[in-house]
Amino acid sequence: MLDNFRRSTFRHGIHPEEHKDDTRDLAIRRFPFAPTLLVPLSQHLGKPAKVVVREGQEVSRGQTIAEADGFISVAMHAPASGVIRKIGRVPSISGDLVPGVYLEPYPASTQEVADGEPCRLETATPDDIISAIQRAGIVGLGGAAFPTHAKLKIPEGKSLDTVIINGVECEPYLTTDHRVMLEQTDDVFMGLRYLMKATGAGRGIIAVEANKLDAVETLRKACPADLPITVEVLQVKYPQGAEKMVIKALLDREIPSGGLPLDVHAICVNVATTAEIGRLLPHGQGIQERVVTIGGPGIVKKGNYRIPIGTPVRFALEQVGVTDDMTRVFLGGPMMGPAVSSLDVPLTKGTSGITAVTRAETGAHGERRIYPCIRCARCVDACPMYLNPSQMGILAKNECYTEMAEEFHLMDCFECGSCSFVCPSHIPLVQYFRLAKRMLRKTARPA
Amino acid sequence: MKLSRTLQIASSPHVSSGASVDHIMYHVVLALLPVVGFAVYAFGLAAALVIFTATASCVATEHFLNRLNRRETPVSDWSVTITGILYGLTLPPALPLWMVVIGGVFGVGIGKYLFGGLAYNAFNPALVGRAFLQAAFPQAMTHWSEAFSPGRFTDLPSSTLTIPMAEPVYDAVTSATPLAVMKFQNATTGVPELAFGLTSGSVGETCAALILAGGAYLALRNMLNWRIPVSILATVAGLSFLMNLIAPGEYASPVFMLFSGGLMLGAVFMATDMVASPITNAGCWLYGLLIGALVVVIRYWGGMPEGVMYAILLANAVSPHIDRLIQPTVFGTRPENGEKKDEQEGTA
Ligand code: SF4
Ligand code: SF4
């Protein structure tokens, strides 16, 4: 315990219960194909991909079905061999229907993947690697789903010294990054080689939270001697895995407000993303699946599964079984994961977990009495961005959104939820802040 | 079988720390109980009646006002109970009970309810009640009975049950507080007597040891910002030390200043009222400094022997301005970041 406090970290933050013991030791298992896969064309931040297949066309697993449209966009690949049934709109977590492709896998579809044009580490130039990553459809698998290649392009006038591989995984319940580090250790280092070559960074750091010491040991043992790489252990604290917090903890650099990691000469890539780069690029393949932790008290067969992209949440839950008292499902962890309103929503590249909980966890939580802010300052002490959630909460209630942004740095809030977590008055602070941002965006757009 | 469920929709976070306002308030009540116990032990039946009457009048006032406005009664959040107990602890033990009731009604009615209830009070309601009594009944509010008088558990002081609006009649056994003795006779009381509450004073302000223990308990549970009492006490000690250096013998010693009067109770339980104190830690240091300085000034140079109450009320008024002045420095907005940027632009 004391050990934990001597490790590097950021200031503030919270300590939610980890709930990782149920799945941390379970090896990644493969998942069958759902009868229909729903592949949204925009699973990333940026422009949706452009479809390059027709309705009725047969595709093989791994084949490109949509291409990147511009630089901030990535390709999509067929998660299974089968027939494109329909190109139209698919349900999404936001509740809206979004453009997407319905793919019906052949009953006999195998896990075999078609190889494309390989990107060889030895001969590829940085630009080759960047475009190969884009073609492979790779986005941040930690949840943000930002196209990875876009981070690697260093603009004129910026410089980079460190590539950080983020294996922190601070969200409760999730153990996917943990398993990937244990089971795909070589892929991680291969991916890191690509990343360092693409960016020309002088060193690499793999950051792991102190609750995954077995992964630290495995990584350290397997670390190739020719690479300038260290594996660093960080304190167990939420939201240690946020990009800004990792960089603060490792390098003691603060990304300026509104800035990017590059402003402090670093980039930060999720460890599962790195492993996918290392696994896919040598074969010229694209992402067709991802590792997902299905866990929480509402799940019968908890575990870490490699699941085809586009698998509906309903199918996933049917495979693992849910308890009778399961009442709430969210994608990702309980701190930031959005709740699903319909089980038809498909899994996307950014989905790191499916967590199902029962009334026992949420019952008391949902029906709690909301008091006015007693100014206890717990939210102020929890906010990793050093904001004043108490004051912003009061302003949000009075709909003073502009004031929140201009005087209290609303836009620096990355919605980690720490403030809501600690508030003894049970004020839905981060919920207010999301709403405030949406309102501000709405008023900003027509102008 | 097709899986179907009614799903609860709620936005994240889906978990919480489990902390709640009533839980915090409940622990504050717990931390106050030893102080109450000692008060009754030291001042007997009269103190018990004063504290009980104070609490009852505060709770009843809130209940009645809520009823009147058809609001849900928030007595369950314990906050008005705390107000009541604290208010009781600041009163002289022999205060006529009808005055106790009047102060309680005023404190909660004006000090809390008029401002909008829980979490909207700009001032500590307990102190508002006491300040009102101080202004309305200055004599009764400075009439102190002796601690540990032999008959304290069997007899009531004749003043306690005075009929409302009548002039209270006092028994012979009265005593001056150490601060008054200091102020008007320039004699000090020994430190052990002060620290363990063997002197006369308000009902609950005399036992510094128990007050500090209660404060430590709350601070450890993150229910009280320790910076406020530490800052107040350090300021009082520092300033009085300085004054003693400048003019030895003329002013009370730092230790005496710390342990006498309502300073401990005020610093630990009253100044720390979350609603009426600043929200940032830096703000809390400043707020404590302000209270400490005011206490010293009032005690040394003011017309009254005690100044803790006014010092806290004044600082309560200043607290929102401190908050406006001192906001947390947002991540990534500190000047060294700017330097880094400049550096980079320089190389570009
Ligand atoms: S949600 Fe925003 S305001 Fe709340 S703690 Fe996180 S960053 Fe701070
Ligand atoms: S945690 Fe809640 S009650 Fe405490 S200051 Fe923040 S908003 Fe107010």
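A residue counts as near a molecule if one of its heavy atoms lies within 4 Å of that molecule. In this predicted model, local features need pLDDT of at least 70 and side-chain atom pairs pLDDT 80 or more, while totals for chains, interfaces and linings use all residues. Residues are numbered from 1 along each chain as its sequence is written, chains are lettered from A and ligands numbered from 1 in the order written, and side-chain values use heavy atoms, without hydrogens and water.

Ligand 2 is surrounded by C373(A), I374(A), R375(A), C376(A), A377(A), C379(A), S390(A), C423(A), P424(A), S425(A), I427(A) and L429(A). Ligand 2 sits in the second largest pocket, in that more than half of its atoms lie within 2 Å of the grid points. A pocket is an open set of points on a 1 Å grid over the protein atoms alone, where a 1.4 Å probe fits, with protein on both sides within 12 Å along at least five of seven lines; lining residues have an atom within 4 Å of a point. The lining comprises 40 residues, with R375(A), S390(A), Q391(A), I394(A) and A119(B) nearest the centre.

N222(B) is partly exposed at 44%.

| Residue | Phi |
|---|---|
| R375(A) | near 55 degrees |
| N222(B) | near 60 degrees |

Both phi values are positive in a residue other than glycine. The peptide bond from Y238(A) to P239(A) is cis, with omega near -10 degrees.

Terms used:
Buried means under 20% relative accessible area, exposed over 50%, partly exposed in between (1.4 Å probe, protein chains only).
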